[in-house]
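Dear colleague,

Here is the structure you are taking over. My notes on what was found in it follow below.

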Amino acid sequence: MVKIKKNNPKVAIIMGSQSDWTLLKKTAFVLKSLKIDYSYDIISAHRTPQRLYDFASNAHLNSIKVIIAGAGGAAHLPGMVASLTHLPVLGVPVESKALKGLDSLLSIAQMPFGIPVASLAIGESGAKNSALLAASILSLNDKALEKRLISWRNKQTKLIAKKPK
Ligand code: RP5
């Protein structure tokens, strides 16, 4: 059973394999920069199906409000988790060796009607944007976070030069 951490994180980052952590760490970094608590666990749709079931069916009973699920190849993790919870599931397609993540993207994006997964871009942009999207969702009910998110966005805008060097 995946234990939800004692600081009552609102975001759960889950990933199909240890090998996904290099990418999903970037999600964690953005969440941290916005002062959002998160848990992070390896849950494989294929190798640990019971762990997946336990986590997904109990997530709403814990503090979790948004689930970020990263997986590569036959990336069934986000969809299977979404099938077991009504919480929003954000899917991050990990770049695979054989097909550069196109397989991951299609596995995550092509969900049947009734069980939605919000699919992000393949790789780093998707991983980082999943954290920003989670922040947007949480900020609907959290004014302090909303302020931090707006300030993050403003800082980003200021960093963009008007002319290329
Ligand atoms: C998927 O298979 C994982 O999400 C990972 O992206 C991919 C490869 O896993 P490993 O063989 O590196 O464990 O389940």
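A crossover is called right-handed if, with the strands pointing away from the viewer, the path from the first strand over the helix to the second runs clockwise. Helices (H or I, at least four residues) and strands (E, at least two) are DSSP runs, numbered from the N terminus. This is a predicted model, in which local features need pLDDT of at least 70 and side-chain atom pairs count only at pLDDT 80 or more, while totals for chains, interfaces and linings use all residues. Residues are numbered from 1 along each chain as its sequence is written, and side-chain values use heavy atoms, with hydrogens and water left out.

Strand 4 first. Strand 4, helix 4 (residues 102-109) and strand 5 make a right-handed β-α-β unit, and strand 3, helix 3 (residues 77-84) and strand 4 make another such right-handed unit. Strands count as paired if DSSP finds at least two bridges between them. Strand 4 pairs in the parallel sense with strand 3 over 6 bridges, with Ile67 opposite Val89. Strand 4 also pairs with strand 5 (residues 118-119), again parallel, over 2 bridges; here Gly91 stands opposite Ser119.

Both faces of strand 4 are covered: Val89, Gly91 and Pro93 are buried on one side, and Leu90, Val92 and Val94 on the other. (Buried means under 20% relative accessible area, exposed over 50%, partly exposed in between, with a 1.4 Å probe and protein chains only.)

Next, the cores. A nonpolar core is a set of buried Ala, Val, Leu, Ile, Met, Phe, Trp, Tyr and Cys residues joined through side-chain atoms within 4.5 Å. The largest has 26 residues, and those touching the most other members include Val11, Leu34 and Ile68. Among the elements giving it two or more residues are strand 1 (11-15), helix 1 (21-33) and strand 4 (89-94). A second, separate core has 20 residues, including Phe55 and Ile108.

Last, the aromatics. Rings of Phe, Tyr and Trp (its six-membered ring) pair if their centres lie within 6.5 Å; planes under 30 degrees apart count as stacked, over 60 as edge-to-face and the rest as tilted. There are 2 aromatic pairs. Trp21 and Tyr40 are stacked, 4.8 Å centre to centre with 0° between the planes. Trp21 lies in helix 1 and Tyr40 in strand 2 (residues 38-42), so this pair ties together parts 19 residues apart in sequence. The rings of Tyr38 and Tyr40 have centres 6.1 Å apart and planes at 50°, so that pair is tilted. Trp21 is buried at 16% relative accessible area, whereas Tyr40 is partly exposed at 43%.

Regards
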